[in-house]
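Work through the exercises below with the sequence and the model at hand. Each task is followed by a solution in steps.

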Amino acid sequence: MTISVTKVVAFAVVTDDAEVVPDPPPAPDINVGANAPHSPEYVALIGDWVTATRLGVLIELSNWVASNRPTVHINQCFGEKGWGDGGASAEAGVVSFEYDKLARKIRARIYVSADYPTIRVGIQTIAGVGRTGELSAQLGADTHTFTCTSAQNDLEQIFDFESVPAGWLSFFVNTEWLTDGSPGATAPQLLRLRVQDVSPDTYAMPEDYIPE
Amino acid sequence: MPVLWAGGEDICFPTAMASITVDVSTGTLRRREDRTRCCLMMPTIFDTTGPAKSNVFSGGSVTDCWLKFHLSGANPGFTGSNRKLAGFGKSGGNNAICVGIDNFTGLLRIQTSTGATNTVTLATAAGSPLAASTVYEIAFHVASFGASGTATVYLNGTSVVTYTGNLVVGGISDLDQVFFFGIGEAFGASNNYFLSEFIAADEDVRSWSLVTIAPNGAGAANAWSNTYANVDEVANSDADVVVGSANNDQAQYAATNLISGSTSIAAVQVFARGNCGVSGLATLGVGVRTGGTNYTDDTAQTTTLATSTALFVENPGTADPWLRSEVDALELALRAAI
């Protein structure tokens, strides 16, 4: 004799939170210029470069790509003014940053989706002859460091933060000036920053990048 | 075992198969159409059919439990409705503690019932009645079921009525089934209401949803007669079957994927309605194929058609919580055995 079955169906019990990005926590209490903005429209999608263009808008987005999947969000980006050209002190409120003198510190909030727990951070630095510095990047509890060498220019350091917990995390980039160089030489500084999820798509850095 | 039982189609309530109306209409705002193939109602009234009952919870009876379901009605305020909707019951009888709708006001309430004419309202929500043609998320929490317990109804995640006191009905001491109740009027009449997406658990279910995984193609193997097309109907047909004829005959069917946005997966539950002949094979295995291996739970069959089910609160191949990719890739599995 036989076994007969008339109908088969299954059900999955799921949560539906993947596409809901919660509100970010309050802005970190950091030393920013009085006019530094932190408006919600300054949200970077994956792969976007984040650059500084002028004081008062210390961090601004370039290359907005709306079609990018919003699995990584940067919000509430703040920068601390750089050291200015040639090591000269910059006066808050008057110094304009060139595209290649982003800042020496970045603080941001990054939203990490549970589906994409590996976050790749690309950071370009610049340093004049004889100037060296140490750069550190921290996402959540994980920190990566590297040495910005003399006369380094446009070299992108790539850090992978793996098994990052989901949710809003604090992100810090910091440079420490290690050695002086020739008078007038550019101090080690952050040039550009970008953040991207790695899995499951291939991460491709543009090889033909030309600074603005 | 957080999830106790989860279902949403006719064979998930095997005690009342003949009485359940399966509504597959679209654009009627009776259900969430991206997650479901149908919603359910039972036109006949309680005292002629008894409630529709789920399979008994495989993990045993409970006294602390949550039920979530979705509800939509045809008229503003469900005017005229004076019905029990759904709740928890105990196998072997019709005793239940449940969510109902207050007569004429359309307000949710907490009820107990031993039969159609023995419904007791414990508490009724204040506020505005439910609106027509709106899919509501109803959650029902029973804590410490017994002489001194608490029952709470949540509407779209917010508590609307709570009762603390004696929850005991008909002398039962615990709960092991999901019940839903008849409406007492024909399908298409003015005061119909529709239920869908039932989830029972021993923890808060308000953030959870149910997504249907239906057969939609051939699987890895099929030693049974006929194909997935004979078991993929929304409203069950007893005349349209697949048949396993030899011991350990296996069949797998590809199935639909989760919808966009589904992330954490708390459980997968598989249902199959079947029976056996008067001799020979008498066991039906129901389950999933994942990672290249079949995992089925065996249920003894009789000559009477009945629903067999298997609940997987984790991936049986990895012993870890299900991943979305694993659920999307799984196949529904059957096994015939002596």
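A polar contact is a pair of N or O atoms within 3.5 Å, where, within protein, one atom must be able to donate a hydrogen and the other to accept it. The model is predicted.

**Exercise 1.** State how many residue pairs are in polar contact across the interface of chain B and chain A, and which elements of chain B take part in the interface.

Solution. Step 1: the rule finds 19 residue pairs in polar contact between chain B and chain A, both residues at pLDDT 80 or more. Step 2: the strands of chain B that give two or more residues to the side touching chain A are S1 (3-7), S15 (208-213), S17 (242-244), S19 (265-276), S20 (283-290) and S23 (331-337). Step 3: S19(B) gives the most, with 12 residues. Step 4: sorted by class, this side of chain B has 36 nonpolar, 23 polar and eight charged residues.

**Exercise 2.** Describe the extent of the contact and its salt bridges.

Solution. Step 1: chain B contributes 67 residues and chain A 20 residues. Step 2: the two chains bury about 3300 Å² between them, with 58% of it on carbon and sulfur atoms. Step 3: two salt bridges cross the interface. One of them joins the side chains of Asp10(B) and Lys7(A), at 2.8 Å from N to O; this lies within the 4 Å cut-off.

**Exercise 3.** Summarise the fold of chain B from its elements, burial and contacts.

Solution. Step 1: chain B has two helices and 23 strands. Step 2: of its 338 residues, 56% are buried. Step 3: among contacts between residues at least 6 apart in sequence, 69% join residues at least 24 apart.

Key. Residues numbered from 1 in each chain as written. Chains lettered and ligands numbered in written order. Predicted model: local features only at pLDDT ≥ 70, side-chain atom pairs only at ≥ 80, totals over all residues. Heavy atoms only, no water. Helix = DSSP H or I, 4+ residues; strand = E, 2+ residues; numbered from the N terminus. Buried < 20%, exposed > 50% of the residue type's maximum accessible area, 1.4 Å probe, protein only. Contact = heavy atoms within 4.5 Å. Buried area = accessible area lost by both parts, 1.4 Å probe. Polar contact = N/O pair within 3.5 Å; in protein donor to acceptor, adjacent residues only side chain to side chain. Nonpolar A, V, L, I, M, F, W, Y, C, P; charged D, E, K, R; others polar.
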